[in-house]
Amino acid sequence: ASRPPCCRWRSATSSSEPGGLARRRHMLVAGRLIAAGAGLAPVLVRRAATIELDWDTRQKSRFDAVDSQGRSIGVFLPRGRIVRGGDVLVGEDGSLIAVKARPQPVFVVTPGARGSPLDLLRAAYHLGNRHVPLEVKPGHLQLEPDHVLAEMLRRMGLRVEETLAAFEPEAGAYESVSAAHEHEHEHGDDHGHGHSHEHGHKPR
């Protein structure tokens, strides 16, 4: 018997069970992520299909996308898991999909003509108090465009310019601990599963 209309899956992004809808749509389900491709031979990562995602998508744990081979990918990661550029998704068929951070509009914040690096510390402090996603780079900060924040930063004597760049905001402390724990768990388990794509390290 078919599901009542009120109970049917609406989309892969809202589904909490990866199997049914994604397979019906002929999607490749990717339910595992290897942070920064740790433990994978570089040649495997270079040969992998790629997927380019902006920050808005990468901060979600469940989404649909299309990879460089034209395949529909249904990503179903543990809730709260963030995808970073350089990470590698693992499909249910064992295939690898390397993640690239898509360039997007960002504000680049640098010290003003009479400023100093200390001004960036002050800016990061005030932006952090507002819970603004912020990327800290050598010599500058990056944030998503917000003209109210840009005006505040200019009043502080900082220079704010818009450009296109990959955006990788700082991870929260809990995210960092969770990701490290997950990596340790995967590192301990994966090598015993014998996947066809070889998670092994380069032979010595």
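In which strand is Gln-142 found? Gln-142 sits in strand E9, which covers residues 140-143; helices (H or I, at least four residues) and strands (E, at least two) are DSSP runs, numbered from the N terminus. Welcome to a predicted model, in which local features need pLDDT of at least 70, side-chain atom pairs count only at pLDDT 80 or more, and totals for chains, interfaces and linings use all residues. Residues are numbered from 1 along each chain as its sequence is written, and side-chain values use heavy atoms, with hydrogens and water left out.

**Around Gln-142**
- Gln-142 counts as buried because its relative accessibility is 6%; buried means under 20% relative accessible area, exposed over 50%, and partly exposed in between (1.4 Å probe, protein chains only).
- Leaving aside neighbours within four places in sequence, Gln-142 is in contact (heavy atoms within 4.5 Å) with residues including Val-106, Val-108, Leu-134 and Phe-167.

**The sheet**
- Four strands form an open sheet in the order E8-E9-E7-E10, with antiparallel pairing; two strands pair if DSSP finds at least two bridges between them.
- Its edge strands are E8 (134-137) and E10 (158-165), each of which pairs on one side only.
- On average, neighbouring strands of this sheet are turned by 25° against each other, direction ignored; axes are lines fitted to C-alpha atoms, for helices over the stretch in contact, and angles run from 0 to 180 degrees between N-to-C directions.
- Four bridges join E8 and E9 in the antiparallel sense, and Lys-137 has His-140 in E9 as its bridge partner.

**Helices on the sheet**
- Helix H4 (residues 117-129) lies across E7 (104-111), E8, E9 and E10, and runs at about 25° to E9.
- Helix H5 (residues 147-155) also packs on the sheet, where H5 touches E7, E9 and E10 and makes about 140° with the direction of E10.

**A closer look at H4**
- The 13 residues of H4 should span 18 Å at 1.5 Å a residue, and its end C-alpha atoms are 19 Å apart, which agrees; the expected span is 1.5 Å times one less than the number of residues.
- Asp-119, Leu-120, Ala-123 and Leu-127 are the buried residues of H4.
- These residues lie on the same side of H4 because they cover an arc of only 100° around the axis, the arc being that of the directions from the helix axis to the C-beta atoms.
- Leu-118, Leu-121 and Tyr-125 are exposed on the other side of H4.
- Among the elements covering the buried residues of H4 are E7, E8, E9, H5 and E10.
- After H4 comes His-131, with a positive phi near 55°.
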